[in-house]
Amino acid sequence: MTTRRPTGRLRDALAPVPWIAPTIILVLGVIAFPAGYAVYLSFVGVNRIGQITGFAGFDNYVRLFREPMFGHIILNTGTWLVVVVAVTMVCSIAIAALLSGRGWGRRVLRFALIVPWAAALVMTSLVWRFILEGRSGMLNRVLNDLGLIDGYPDWFRDPTTAFGAVMVVGIITSIPFTSFVLLGGLMTVPNELVEAARVDGASSWAIWWRVKLPAIRSTIFVAMVLNLLHVFNAFTVIWVITGAGAGNFADTTITWMYKIAFVTQLDTSEAAALGVLNVIFLVALILVYLRVAQPTESDAPSTPVASRIRDVVGVVDDLLVRAGLRIGRTLRPLRQFIAPLARRAAGPAGNVVALFLGAFFLAPYLVMFLASLKTTNELWSMPATYLPGEWRWSNYVDVFTKIPLADYFRVSLTVALASTALILLVAIPAAYAASRLRFRGRTAFLGLILVTQMFPGIALIIGLYQEALLLDAIGEYWFIIVIDTSFNLAFAVWILFANISAVPVELDEAARLDGLGRFGVLIRVVLPLIGGGLVTVAIFSFIGVWNEFMLALTVFNDPAQNRVVLTVGIQKFVGVFETNYQYLFAASLMAIIPAVILFALIERRLVGGLTAGSLK
Amino acid sequence: MKRTTAALAGIGAATLVLAGCTAEPDTSAGTAEEISIVVAQYSTGTEGYWKEIIADFNKQYPDVKVDLQVLDWGNLNPTVNTLIQTKQYPDILNITNYQDYASAGLLYRADEVLSKDVIDDLLPAFKANGEMDGELYGIPFIASANVMYYNVDLLEQAGVEVPTTFDELLAACDAVKKLPGDVATYALSLGATGGTGTAAAWVFAGGGELYEDGQWTIDSDTNVDTFQYLQDLAAAGCTQPNPGQTNTGDGTWPLFAQGKAAMVYAPLGNVPGFMDPVRDAGLKVEATTHPTNNGAKPSILGIQDNLMAFKKPGNQKLVQELLGRFYAADQYAAIAKTEGLFPLTQSALAVSLADPDLGLTQDDVDLLNSARFYPNQPGWAAANARLKSDIGLAVVPGADVKQVLTAIQDAAVAG
């Protein structure tokens, strides 16, 4: 330590530094540089092969606005955002309500929701593309067998249904996470409240509508905003399913950005301009988010801008609540029909519904499993076959000889474990400081790390590569670990922050009176009390890194030294002239299983860990 | 501008200045310690033969580290772009377009990295296709000769001959449509991966050109007629639904292999992705040229991918050694066999002809030599990107064909 101890105000001001410095360094070091580079690119000319040709002012922006498809894409993006978020929220609330009951059917549903959540999005998207095929797709086979349709619509190829098809997949892949967040909220509604309402003679409909829903209002809002960000930056689902089709029928700004840079216009600077506009839009969303998600009132003095934003949010908030009430009133006549249904849903019928939903969410992975055992010809048989004609178990052996799958597993495991450890190491002190130390700029700190979640990865790739070059870190383990850590840090800090805030401060104070330092309090008192949150963050980080694709492809892809992660490695089955679905799926399933087992182990704690503290 | 000027400028400015001109790197001095090869993934066999070549190379140069990246086509362009922008040029690159890199002064001329024997051994038609301003930069890597395959039994059942004109194809459609099982007469692939090839094959079949007499002619009246014909063909139910969104590998080829399409665009030879399922299904198929219009001469479409070598200090000799190993007749023929495509030297082609597994005939070789190509023009890279993404829009029911083609034409003219 230093010889001269800072005193008074200065000491107070410096107190949080050791706690939050690692987080800030990682976030700024890894994300600010490429983000800045993207801004720079948007103001220079870049030729087709990627060379920078000089300063270009606002030319790139002008060119972007003049694109004939600009309006269409903005409209698509708005539709995508509103429809996917709204439908996801409504479905997730219903599922959360169902899950909060008891019974074996619910346990099945909970497990079923874990699988798509734990699976890499690129794998889930691939299997959906396979399911949605026209003549050889499983969906059409099922619909025809049930007599629901007659014929084989080309769901994702037909320009009239393509966007709808990806929206449905977008919704299905967003529901699991959202349901769990909402379930966490529902679990915290005190039983006494519900009992009291029941004693007062309220129907279960009224209890649901008047007691439970208002009680989880803040959870709903948090879930919604998280969804908004996730959905806005969604690339994989749209790209995998409709990326190879002509035109922009299903593009949002994110997939369009990729096409501008690397497919159609071959113009990275115009794409960078679009990326910058995206981030500006998202920063506006963050400001709202901060106001909404901040569980305790900010200690920072309120600036005019902040208070104005707060006013706007307040108005929107009121509008939403009023709209909700109005919808409730309109729907009231329906309740005599719904109430019995709801009562039944609480009983055995609820189990059946849950079981049915569970089967629905597991179905894609069953299709994946069965397809992994088929021959190439059977994969494309028209119509699709349910069971393999000949069970090719050898596919699972062959896949290891076709690619060095065992090596990919080892590399992915190394990167994921190391990143998870680093994330916990860095995030715990930061979250503790944000929760317990009342320092200036605390809100800004929480906001800053949230900003890291806002950048679409695609916009950062070239900058990251540039940074890796400067550090001579291409293909180095430490670099990919640091990057993965930084990109997953925000979520970890926020969840831990919520968990630590839920621990009564009195416990800290008591321990400090007993002579423990802050660090001792954190280790001996706080950490044991937030086990659920820690496990949640650890598993989340692990899964996030395990499933990451784009960053690893760019800065950590060196087959000569066997440095290839699993998600990148299995892309080898996507050749120019063929896609070996059976091997792709066999490898994907083997990658999903460890993730699912991990999730299943902590599922109970997960629900608590996700939302603890965010809704006192 | 010379290096000294750049050195005087600030770091930020240097980036901008240097990009506009090209400093000539000293390629003869010393020996590079690392060689990087960036190639496209054709099949799961691609990585294997490159590793063989590298292993053999390392016997002679044990101290040179060779870094091999095999990328699927979807990731190839973004990755290469990133490499170029950050000035991490690969030593050897396998990609279609070489003109942009050559005009930026980044590439070796072929004679600087390839022996005269190999250059003279290259098939003339393909060699010409790799030349810019009379110099060879794009070294012919491998080629496909794209034709029309037909299902012999299906046409027999429908009682029609192989159509040789646009009108005959429409007539054949009437007969094929009557077959049970919802059979597409011609499986048309104009989606964003591989749509360019299908589109070009039809342009030539329709008697049109993409580039003629120093002018881009993508939106010529002839070509508008051709794509209007294809749109009508789709509307009449003679193709599978949504041809504009359908690709080959996961679209028209499985359809054909399942016996649900009578004709399809595919590469001649033994490309595993096309041929294996067809053989497994026991289909009797034959190859021919596409039906033509306006008296066009029947032709096949040659699509050639190129290798190119980047100028970097001390890498010339090493690149030479690697390429020499690649083009050794036996090695090269084996590579082509792995991918089911054609080697592009006389000597390797002779090896392939002698290989009984391939069933290659002199007729195939003659066909190959008569192939037509994409325009070898600087604007083609831009046109190709736009064509790939948008040509499918021309066959959407009711689409304005002229408008779609003009957008592609504009991209070509703008370059």
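Reader: Why does Asn294(B) count as partly exposed?

Author: This is a predicted model, in which local features need pLDDT of at least 70, side-chain atom pairs count only at pLDDT 80 or more, and totals for chains, interfaces and linings use all residues. Residues are numbered from 1 along each chain as its sequence is written, and chains are lettered from A and ligands numbered from 1 in the order in which they are written. A residue is buried if 20 or more other C-beta atoms, placed from the backbone, lie within 10 Å of its own, exposed if 12 or fewer, and partly exposed in between. Asn294(B) has 13 such neighbours inside 10 Å and therefore counts as partly exposed. Asn294(B) sits in the loop between strand 11 (285–288) and strand 12 (301–309) of chain B, and its phi is positive, about 55°, although it is not a glycine.

Reader: What makes Asn242(B) buried or exposed?

Author: Asn242(B) has 28 other C-beta atoms within 10 Å, so it is buried. Its place is the loop between helix 12 (221–235) and helix 13 (248–257) of chain B. Phi of Asn242(B) is near 55°, a positive value in a residue other than glycine. Most residues other than glycine have a negative phi, and most peptide bonds are trans.

Reader: Which peptide bond in chain A is cis, and how do you know?

Author: The bond joining Met382(A) and Pro383(A) is cis, with omega about -5°. Pro383(A) lies in the loop between helix 18 and helix 19 (394–402) of chain A.

Reader: Why are helix 20 and helix 23 of chain A called oblique?

Author: Their axes, which are lines fitted to C-alpha atoms over the stretch in contact, with angles running from 0 to 180 degrees between N-to-C directions, cross at roughly 40° and come within 6 Å. Angles under 35 degrees count as roughly parallel, over 145 as roughly antiparallel, 65 to 115 as roughly perpendicular and the rest as oblique. Helix 20 and helix 23 of chain A are therefore oblique to each other. Helix 20 of chain A spans residues 405–436 and helix 23 of chain A residues 477–502; helices (H or I, at least four residues) and strands (E, at least two) are DSSP runs, numbered from the N terminus.

Reader: What makes helix 2 of chain A oblique to helix 23 of chain A?

Author: The axes of helix 2 (residues 17–41) and helix 23 of chain A come within 9 Å and cross at roughly 125°. That angle makes helix 2 of chain A oblique to helix 23 of chain A. Among the residues that meet are Leu26(A) and Val30(A) in helix 2, and Ser486(A) and Leu489(A) in helix 23; residues are in contact if their C-beta atoms, placed from the backbone, lie within 7 Å.

Reader: How many residues does each chain bring to the contact between chain A and chain B?

Author: Chain A gives 51 residues and chain B gives 64. The largest share of the side of chain A, five residues, comes from helix 22 of chain A.

Reader: How confident is the predictor in chain A, by mean pLDDT?

Author: On the pLDDT scale, the predictor's confidence in each residue from 0 to 100, chain A has a mean of 82, and 86% of its residues reach 70 or more. Over residues 295–306 of chain A, however, the pLDDT is below 50. Where pLDDT is low, the predicted coordinates should not be read in detail.

Conventions
Contact = placed C-beta atoms within 7 Å.
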